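Student: I would like to learn how to read a model like this one, feature by feature. Could you take me through it slowly?

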Amino acid sequence: SGKNKNHDFLRKLRVCVATCNRADYSKLAPIMFGIKSHPDEFELEVVVLGSHLIDDYGNTFRMIEQDDFDIGSKLHTIVRGEDEAAMVESVGLALVKLPDVLQRLCPDLLIVHGDRFDALALATAAALMNIRILHLEGGEVSGTIDDSIRHAISKLAHYHACCTRRAEKYLIAMCEDHSRILLAGCPSYDKLLSTHHREDYMDIIKSWLGDKVQEHDYIVALQHPVTTDIQHSIKIYGLMLDALICFNKKTLILFPNIDAGSKEMVRAMRKKGIEQHPNFRAVKHIPFEQFIQLVCHAGCMIGNSSCGVREAGAFGTPVINLGTRQTGRETGENVLHVRDADTYNKIYHALELQFGKRYPCSKIYGDGNAVPRILKFLRTINLDEPLQKTFCFPPVKDSISQDIDHILETQSALSVDLGGTNLRVAIVCMMGKIVKKYTQPNPKTFEARMQLILKMCSEAMLDAVRLNCRILGVGVSTGGRVNAQEGVVLHSTQLIQEWSSVDLRTPISDALHLPVWVDNDGNCAALAERKFGHGRGVENFVTVITGTGIGGGIIHNSELVHGSTFCAAELGHIMVSLDGPECSCGSRGCIEAYASGQALQREAKRLHDEDLLKVEGRDMKLLEPVTAAHLINAAKLGNSKAEAALNKASTALGVGIINILHIVNPSLVILSGVLASYYQAPVQQVITERALFSAQSIKVLTSDLEEPALLGAASLVLDYATRRTY
């Protein structure tokens, strides 16, 4: 890069700034002034192209001359037509003309701004000609085709000066090299924050809007076409004009930019007689400093220009942003979005809400010191560094090459559910459908149990081939506490004997040659809700299983909480009383000892033995074993003893759940298991009566999933085995 390596340190950095339209010039001008004020370090070349040179857009290259910059090249690159094809042809025309200019100027660095099609042409030409590129305003998201163009330019650029913290994070996420990203803030803010206290602002406002206008009593309107939905843009534009005519305030309206659709927008404006209307002033171009004064002192700004979401925030001017052109951008509280601006009423109502308000100034996009930062950054560019840019990719798992059979197969998981009574295996597909299920009684000894698991899994594997399911792995749901990282059952529940310190992962993985995940049934139920049930898209929720025992899982920030010793979410053993009934865990007063199926069955038996399970006019001498269902039934039929027993159980469960709400404060509680539908209303009632005010509104829902344990075990597999990065 250096012509004469020995004198490199004396050599000035040749910087070429290319500007395409009035908007990017407002960001580039402060940098150009900065470079020009250090002639001993930098040489500035200015290239002008795009809509600067078009009469309809106000021949804005004259402002550059007025600012006393020498324009090295003027390139006519716009193909007229204002439709999609014309935009593409304009990119082509620019690509044809730029090589000559860049070869003649031979810059060390080209500075390009933003996300316009002309900027894409500039970046493409410079990248292919081995000229280093500094891209301004990369990493932002607005919500239109501009995003794709902006990110494409970021990929071509060697250096980035971005405006916000989020943009910096996004550039890093897009694999750009951290050391080549400068968080500078927006250069236009350097000018904004230094000039918006001008004394003569009323003269400027009057020169554009007439002598009668007052401060904060006029509107600035600027709406551009959204090129991916031109018809809709034109409709919104018409509705905005109608609302403005009706709102009856002095309005300064700027012509739209050169994107596809702008011709039709100007036509809509003329049809409504805006240019002749006494309330409106329609203009093609306003010098940036004056435009800033107009925005700063306006009663409101309306439209979809990025100026509304960016610059206007610096003054706290109220903004109404119409449609989707800026919805992805970071904004201050001064912006009111009307995303579906599909009726005139909505826009008129937004004007009523915003007009004349004042908001605090926001500094999201800059603090007024962008230019000194950028100049400092330019001084550090080492032209001896290799020009080839390197990307910083995150670690990615080796992908398995695809075979046509893989694609035609349904990606599925093998789920194993180890319950107190039964051992069940199922093939579950990606959508949560159980393709086939196998059930056997759960053997009492460890050896027999392991043998049966492997036998049932092998049988299911054979069926999977026939059913065209590709098994990605095995998920096991089991009672007890589980070290999910190691795939080991640490302590079992009393329901499953010989089931402590058991390594489940190794034998199953060895036999089936598949990855194996293991977790306890409560956590699996929570995972099932997260992937297939009420928990879909909910970041924080708790699942409580009310079956033979009581268990559950806690999802916090979309992840399961396992705890330091895998004992988190042992919800059945939340204690709600200091003494209370004895629990299977050996302690007293746990909610499981009050509200589980076993506890209710115990109560039913006690009442039955004392002959108190009778219901008026019926003889309840039961031949079959007494269960919780009998207790619930007796209560329904008006047996007061049964009602009291159930009431105590519901209160204990409700209080236990309130404890959870007060500790992790989820946005949702999902009850699962056979007793869920019975407990839902009473528990919601207890929460309303006893929880802290802020937690009273949390909803309790009954799970809709038939097989939470099997589905949760499947989700362990489906979520991890199909994840591309670990």
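Student: Is Asp521 buried, exposed or partly exposed?

Tutor: Buried means under 20% relative accessible area, exposed means over 50%, and partly exposed lies in between, with a 1.4 Å probe and protein chains only. Asp521 has a relative accessible area of 30%, so Asp521 is partly exposed. Before we continue, please keep in mind that this is a predicted model, in which local features need pLDDT of at least 70 and side-chain atom pairs count only at pLDDT 80 or more, while totals for chains, interfaces and linings use all residues. Residues are numbered from 1 along each chain as its sequence is written, and side-chain values use heavy atoms, with hydrogens and water left out.

Student: Which UniProt annotation covers Asp521, and in which helix is the place of Asp521?

Tutor: UniProt positions are given here in the numbering used for this model, with feature names shortened, and annotations may be inferred rather than shown by experiment. The unreviewed UniProt entry carries the annotation "active site" for Asp521. Helices are DSSP runs of H or I with at least four residues, strands are runs of E with at least two, and both are numbered from the N terminus; Asp521 is placed in helix α18, residues 521–532.

Student: Which residues is Asp521 in contact with, leaving aside its neighbours within four places in sequence?

Tutor: Contact means heavy atoms within 4.5 Å. With its neighbours within four places in sequence left aside, Asp521 is in contact with Ser477, Thr478, Gly479 and Ile545.

Student: What does the side chain of Lys27 make a polar contact with?

Tutor: A polar contact is a pair of N or O atoms within 3.5 Å; within protein, one must be able to donate a hydrogen and the other to accept it, and residues adjacent in sequence count only if both atoms are side-chain atoms. The side chain of Lys27 makes such a contact with the side chain of Glu137, at 2.9 Å. Lys27 lies in helix α1, residues 22–36, and counts as buried at 5% relative accessibility. Not counting residues up to four places away in sequence, Lys27 touches several residues, including His113, Arg310 and Glu311.

Student: What is the order of the strands in the open sheet of seven strands?

Tutor: Two strands pair if DSSP finds at least two bridges between them. The order in this open sheet is β3-β2-β1-β4-β5-β6-β7, with parallel pairing. Its edge strands, each pairing on one side only, are β3 (71–74) and β7 (181–183). Within the sheet, β4 and strand β5 (residues 132–136) run parallel and are joined by five bridges, and Val112 stands opposite His135 in β5.

Student: At about what angle does helix α6 run to β7?

Tutor: Axes are lines fitted to C-alpha atoms, for helices over the stretch in contact, and angles run from 0 to 180 degrees between N-to-C directions. Helix α6, residues 165–173, lies across β6 (159–162) and β7, and runs at about 165° to β7.

Student: Which domains does the domain assignment give?

Tutor: Domain bounds come from an automatic or database domain assignment. For this protein it gives domain 1 (13–186), domain 2 (192–354), domain 3 (405–533) and domain 4 (535–704). The C-alpha centres of domain 1 and domain 3 lie 57 Å apart.

Student: Where is Cys106 placed, and what is its phi?

Tutor: Cys106 is in the loop between α3 (84–105) and β4 (109–113). Although Cys106 is not a glycine, its phi is positive, at about 45°.
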